[in-house]
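Before reading on, please take a moment to look over the sequence and the model.

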Amino acid sequence: MHCSLLRATGTPARIRCGFVTYFDEDFHADHWITEYLAPDGSPRLADPQVHHGYDVPFDPVPVP
């Protein structure tokens, strides 16, 4: 949904899949994030699934 909303505004975006441990340290979960181009042309990663219910040590926009 996040990727579709970005594309609807004309922002180049795509989804990427990988494995994360920031939901559970002992488990490599398959997970999807959004890669998009910021207005300055630099690539950014965003994790729209991360919200206040998860205790992650980073800001989900942009993902480090």
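The side chains of E35 and R14 meet in a salt bridge, with 2.6 Å from N to O; the term salt bridge stands for a side-chain nitrogen of Lys or Arg within 4 Å of a carboxyl oxygen of Asp or Glu. This pair links distant parts of the chain, since E35 sits in strand β2 and R14 in strand β1, 21 residues apart. Helices and strands are named here from DSSP runs, numbered from the N terminus, where a helix (H or I) has at least four residues and a strand (E) at least two. This is a predicted model, in which local features need pLDDT of at least 70 and side-chain atom pairs count only at pLDDT 80 or more, while totals for chains, interfaces and linings use all residues. Residues are numbered from 1 along each chain as its sequence is written, and side-chain values use heavy atoms, with hydrogens and water left out.

How exposed are the partners in this pair? E35 is buried, with a relative accessible area of 14%, whereas R14 counts as partly exposed at 48% relative accessibility. In these terms, buried means under 20% relative accessible area, exposed means over 50%, and partly exposed lies in between, as computed with a 1.4 Å probe on protein chains only.

The structure holds three salt bridges. R16 forms one of them with E35, the closest N and O atoms being 3.7 Å apart, and this pair also links distant parts of the chain, with R16 in strand β1 and E35 in strand β2, 19 residues apart. R16 counts as partly exposed, at 37% relative accessibility. D40 forms a salt bridge with R44, where the closest N and O atoms are 4.0 Å apart; D40 counts as exposed at 59% relative accessibility, and R44 as partly exposed at 31%. Salt bridges that share partners join R14, R16 and E35 into one network.

We can now turn to the strands themselves. Strand β1 (residues 13-20) and strand β2 (residues 29-37) run antiparallel and are joined by eight bridges, and strands are said to pair if DSSP finds at least two bridges between them. Within this arrangement, C17 stands opposite W32 in β2. Strands β2 and β3 also run antiparallel, and four bridges join them; Y36 has R44 in β3 as its bridge partner. The hairpin of β2 and β3 has five residues between the strands, and in this hairpin G41 takes a positive phi near 90 degrees.

Which residue is found in the segment after β3 (43-46)? It is D47, a residue that is buried yet has no salt bridge, for the nearest side chain of opposite charge, R16, is 12 Å away. Here Lys and Arg count as positive and Asp and Glu as negative, while His and the chain ends are not counted.

Finally, T9 lies in the loop between α1 (2-8) and β1. T9 is exposed, with a relative accessible area of 59%, and a polar atom of its side chain lies 2.6 Å from the backbone oxygen of L6.

Methods. A polar contact is a pair of N or O atoms within 3.5 Å; within protein, one must be able to donate a hydrogen and the other to accept it, and residues adjacent in sequence count only if both atoms are side-chain atoms.
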